Amino acid sequence: MKAVRLHEYGGPEVLRYEDVPDPRPRGDQVLVRVRACAMNHLDLWVRKGTTRSPLPHILGSDIAGEIVESGEYVSGFRTGQRVLLAPMSFCNHCEHCSAGRQNVCRQFTVLGNGVDGGNCELIAVPAVNVIPIPDNLGFDEAASVPLVFLTAYHMLTGRASVGPGQVVLVLGANSGVGIAAIQIAKLFGATVITTAGNEAKIEKALGLGADYVINHYAHKISDEVKKITARQGVDIVVEHVGAATWDESLKSLKMGGTLVTCGATTGPDAGIDLRFLYSKQFNLLGSYMGTMGELHEVLKHVFAGKVGAVVDRTFPLEDARAAHEYMEASEMFGKIVLKP
């Protein structure tokens, strides 16, 4: 089969489109023909060596395609069935996995990070990862859902306990997590404030259901939040940008508010004055992906058409370098999809 692999870490030029042996499924695995693989910032970090994976390595966490073959111990699937893959790997037998807390399993990793991913034509995965999709959901849209919608769902429901009447600030409306978080917060009855960098992105954020959009290049986020909330601040901040927005995110919280973070796109070094933390009684929460149960929960809303991914642009798999360069330019609104 064809695949895009890393043999060394570096810029987009290290990506190699090449022939690799076809995978063979174990008895407990399913072989899937990849029809679409959506990109995430994780692809950039792995490629650069920020997070290390065994080399050579195949990137790609978000995968949709068709079943080619099932292992001898697998039942319930059929050849040609349209599916998406849960974007994670876990042992499936430890106490955490048995309790449905896969994202705290000691062996937990993301597809395309600690194990090979979907920038290829065929992938073999455990049957537990395989989730059928409805006929009205295209492969590009299906591939654009799993990682970011699971992440946003776990942040807002599993960690921050979003509810009706709350005000939620979502950083970066154009990002995959931002797009998912806006829709999920609205689904649970919250008022949503989000941020974007130009008029086109502002209009798209409003189209997703955001109640207010702040141009983060033209205005100071916390000042605008105070104007919108009559100086009260927000109940929840969905933070994934990191160092560039950390201080503004904290300043936007109301007394006793919650900041939940899942990433550090602009860098991991963020400080806090502890006096500010305890006097304001803030809740600072970390969030990492989510559980299989939460993925199935959010997919029910996706399959019902209540929330959905936004696809910005597609690239042929052989043009993976151009796709990486496009993502690094940060001009997209939504997901970038590679198509074998």
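This is a predicted model: local features need pLDDT of at least 70, side-chain atom pairs count only at pLDDT 80 or more; totals for chains, interfaces and linings use all residues.
Two strands count as paired if DSSP finds at least two bridges between them.

**The six-strand sheet**

E239 stands opposite T261 in strand 15. Strand 14 and strand 15 (residues 253-261) run parallel, and five bridges join them. Both belong to an open sheet of six strands, ordered 13-12-11-14-15-16, with parallel pairing. Which strands are at the edges? They are strand 13 (212-215) and strand 16 (283-286), each of which pairs on one side only. On average, neighbouring strands of this sheet are turned by 20° against each other, if you ignore direction.

Now for the helices that go with this sheet. Helix 4 lies across strand 11 (167-170), strand 14, strand 15 and strand 16, and runs at about 150° to strand 14. Helix 7 (residues 221-228) packs on the sheet too, touching strand 11, strand 12 (191-196), strand 13 and strand 14. The direction of helix 7 makes about 150° with that of strand 13.

**Helix 4 meets helix 10**

Helix 4 (residues 146-159) has another partner: its axis and that of helix 10 (residues 292-303) come within 9 Å and cross at roughly 110°. How is helix 4 placed against helix 10, roughly parallel or roughly perpendicular? An angle from 65 to 115 degrees counts as roughly perpendicular, so helix 4 is roughly perpendicular to helix 10. On the helix 4 side, the contact is made by P146, F149, L150, Y153, H154, T157 and G158. Helix 10 brings E294, L295, E297, V298, H301 and V302. Sorted by class, that contact has seven nonpolar, four polar and two charged residues.

**Two loop residues**

Let's go back to E239 for a moment. The side chain of E239 makes a polar contact of 3.0 Å with the side chain of T245. T245 lies in the loop between strand 14 (234-239) and helix 8 (246-251). Is T245 buried or exposed? Buried means under 20% relative accessible area, and T245 counts as buried because its relative accessibility is 11%. Leaving out neighbours within four places in sequence, T245 is in contact with L171 and E239.

If you don't count residues up to four places away in sequence, V14 touches R5, L6, E8, Y9 and R47. V14 and K48 are 34 residues apart in sequence, with 9.3 Å between their C-alpha atoms.

**The antiparallel strands**

L6, one of the residues V14 touches, stands opposite H57 in strand 4.

E66 gives us another pair of links to follow. In strand 5, E66 is the bridge partner of R33, and in strand 6 the bridge partner of E66 is R82.

| Strand pair | Bridges |
|---|---|
| strand 1 and strand 4 | two bridges |
| strand 3 (residues 29-38) and strand 5 (residues 62-70) | eight bridges |
| strand 5 and strand 6 (residues 82-85) | three bridges |

Strands of a sheet pair through backbone hydrogen bonds, either parallel or antiparallel.

Conventions. Residues are numbered from 1 along each chain as its sequence is written. Side-chain values use heavy atoms; hydrogens and water are left out. Helices (H or I, at least four residues) and strands (E, at least two) are DSSP runs, numbered from the N terminus. Buried means under 20% relative accessible area, exposed over 50%, partly exposed in between (1.4 Å probe, protein chains only). A polar contact is a pair of N or O atoms within 3.5 Å; within protein, one must be able to donate a hydrogen and the other to accept it, and residues adjacent in sequence count only if both atoms are side-chain atoms. Contact means heavy atoms within 4.5 Å. Axes are lines fitted to C-alpha atoms, for helices over the stretch in contact, and angles run from 0 to 180 degrees between N-to-C directions. Angles under 35 degrees count as roughly parallel, over 145 as roughly antiparallel, 65 to 115 as roughly perpendicular and the rest as oblique. Ala, Val, Leu, Ile, Met, Phe, Trp, Tyr, Cys and Pro count as nonpolar, Asp, Glu, Lys and Arg as charged, and the others, Gly among them, as polar.
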